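Trainee: I would like a close look at a single part of this model, with the terms spelled out as you go.

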Amino acid sequence: MANLTNNRPLSPHLQIYKPIPTMVMSILHRITGAALYFGTILVAWWLIAASTGAAYFDWVSWFMGTIIGRLVLFGYTWALLHHMLGGLRHLMWDVGYGFDKHFSTKLAKANIIGSVVLTVLVWAIAYAVRS
């Protein structure tokens with residue numbers, strides 16, 4: 001009986017591939033999608049607190065105002081905006097535009113830059129309106 005497994009090529013894995021912007025954005029798109037599932041619990045928690053009563057809502061608002069709460073909310077905001085921009089990038093591909101290697105690389109870089117800039121902008125507007 002012949003041993004056929006010795007002649008088979010090894011399957012490539014992440015340690016073999018050189019990370020490129022489109023690959024990194026694809027991975028981040030999946031991670032932010034999963035993070036949004038967990039972040040939705042925050043929205044549900046806030047709504048439940050609002051419907052439960054003033055004391056519990058005040059406690060949730062206090063917690064979200066702490067440094068840990070604000071970091072979580074900042075990360076949720078970034079994940080939401082990053083995933084949205086990634087979704088727009090995928091929509092562009094679905095209609096058949098943006099497959100050129102150089103353009104898709106620029107678009108992937110714009111995705112990360114845009115999500116960071118929009119997150120900072122959203123938080124700056126929120127603080128400006130709050131004051």
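Which helix supplies the largest share of the lining of the largest pocket, and how many residues come from it?

Mentor: The model is predicted, so local features need pLDDT of at least 70 and side-chain atom pairs count only at pLDDT 80 or more, while totals for chains, interfaces and linings use all residues. Residues are numbered from 1 along each chain as its sequence is written, and side-chain values use heavy atoms, with hydrogens and water left out. The largest share of the lining, five residues, comes from H4, where a helix is a DSSP run of H or I with at least four residues, numbered from the N terminus. Helix H1 (21-52), helix H2 (54-65), helix H3 (67-94) and helix H4 (101-130) each give at least two residues to this lining, in a protein that has four helices and zero strands. Of the 17 lining residues, Trp 46, Met 64, Leu 73, Thr 77 and Trp 123 are the closest to the pocket centre. By class, the lining divides into eleven nonpolar residues, four polar and two charged, with Ala, Val, Leu, Ile, Met, Phe, Trp, Tyr, Cys and Pro counted as nonpolar, Asp, Glu, Lys and Arg as charged, and the others, Gly among them, as polar.

Definitions and conventions: On a 1 Å grid over the protein atoms alone, a cavity is a set of points where a 1.4 Å probe fits but cannot get out, and a pocket is an open set with protein on both sides within 12 Å along at least five of seven lines; lining residues have an atom within 4 Å of a point.
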